[in-house]
Amino acid sequence: MAEPTPRTHLAIDPRLCGHPVSMEMGAARVDLTTLPEMGVDEAGLLHGGFVFGLADHAAMLAVNHPNVVLGAAEVRFLMPVRVGETLRAEARLEPNEGTARKQRVRVSVFRTDEEVFHGVFTCFVLERHVLAPRGSASQGGSRP
């Protein structure tokens, strides 16, 4: 069986949020090599927003719907990350006990085999793109 093609977040810059490495139904892996521009100080501490962005990108790809949006996130930053390190986000859908519209995705971010971040992302699959005018059946996901 072929791996799914990304259907969401197609215009995202992989230098900032990571490059998809693998996808399957309900799961995704995204890698990110951190850049000097992501640092916050002379010691090379990485801004946590880039770790969160990597995890969010992996969660969106695990859902893989053109109209998926993030509704909430419960996260923990476990260890600091330095500029220049390579991170790996692994995302997997949790079993869905409710509506298909609401998806929970568990994401862990690793530096080599050391977990630096984990969280649960609550994602919503909308009938139309979140920015589409009311009454529109527009599907997002295409490049501008």
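Reader: Which residues have the most contacts inside the largest nonpolar core?
Author: This is a predicted model, where local features need pLDDT of at least 70 and side-chain atom pairs count only at pLDDT 80 or more, while totals for chains, interfaces and linings use all residues. Residues are numbered from 1 along each chain as its sequence is written, and side-chain values use heavy atoms, with hydrogens and water left out. A nonpolar core is a set of buried Ala, Val, Leu, Ile, Met, Phe, Trp, Tyr and Cys residues joined through side-chain atoms within 4.5 Å. The largest such core holds 28 residues, and those with the most contacts inside it are L87, V105, V107 and V109.

Reader: Which element gives the most residues to this core?
Author: Helices (H or I, at least four residues) and strands (E, at least two) are DSSP runs, numbered from the N terminus. At least two core residues come from each of β2 (27-33), α2 (48-63), β4 (86-93), β5 (102-111) and β6 (114-125). With 9 residues, the element that gives the most is α2.

Reader: How many of the 16 residues of α2 are buried?
Author: A residue is buried under 20% relative accessible area, exposed over 50% and partly exposed in between (1.4 Å probe, protein chains only). Among the buried residues of α2 are V51, L54, H57 and M60. The helix is largely enclosed by the rest of the structure, because the number of its 16 residues that are buried is 12.

Reader: Where does T112 lie?
Author: T112 is a residue other than glycine with a positive phi, near 55°. Its relative accessibility is 61%, so T112 counts as exposed. T112 lies in the loop between β5 and β6.

Reader: What is the radius of gyration of the protein?
Author: From the N terminus on, the elements run α-β-β-α-β-β-β-β. The radius of gyration is taken over C-alpha atoms, and the globule rule is 2.2 Å times the number of residues to the power 0.38. That rule gives 15 Å for 144 residues, and the protein is as compact as a globular protein of that length because its own radius of gyration is close to this, at 15 Å.

Reader: How many salt bridges are there?
Author: Side chains of opposite charge can pair when their charged atoms come close. Here a salt bridge is a side-chain nitrogen of Lys or Arg within 4 Å of a carboxyl oxygen of Asp or Glu. By this rule the count is 8.

Reader: How many residues apart are E24 and R92?
Author: E24 and R92 form a salt bridge, their closest N and O atoms being 3.8 Å apart. E24 is in strand β1 (residues 19-24) and R92 in strand β4, so the pair links distant parts of the chain, with a separation in residues of 68.

Reader: Which residues are linked with R111 in a network of salt bridges?
Author: R111 is buried, with a relative accessible area of 13%, while E114 is partly exposed at 35%. The side chains of R111 and E114 meet in a salt bridge of 3.0 Å, N to O. The residues in the network with R111 are E85 and E114.

Reader: What is the distance in space between H118 and G135, C-alpha to C-alpha?
Author: H118 is found in strand β6 and counts as partly exposed at 30% relative accessibility. H118 and G135 are 17 residues apart in sequence, and their C-alpha distance in space is 37 Å.
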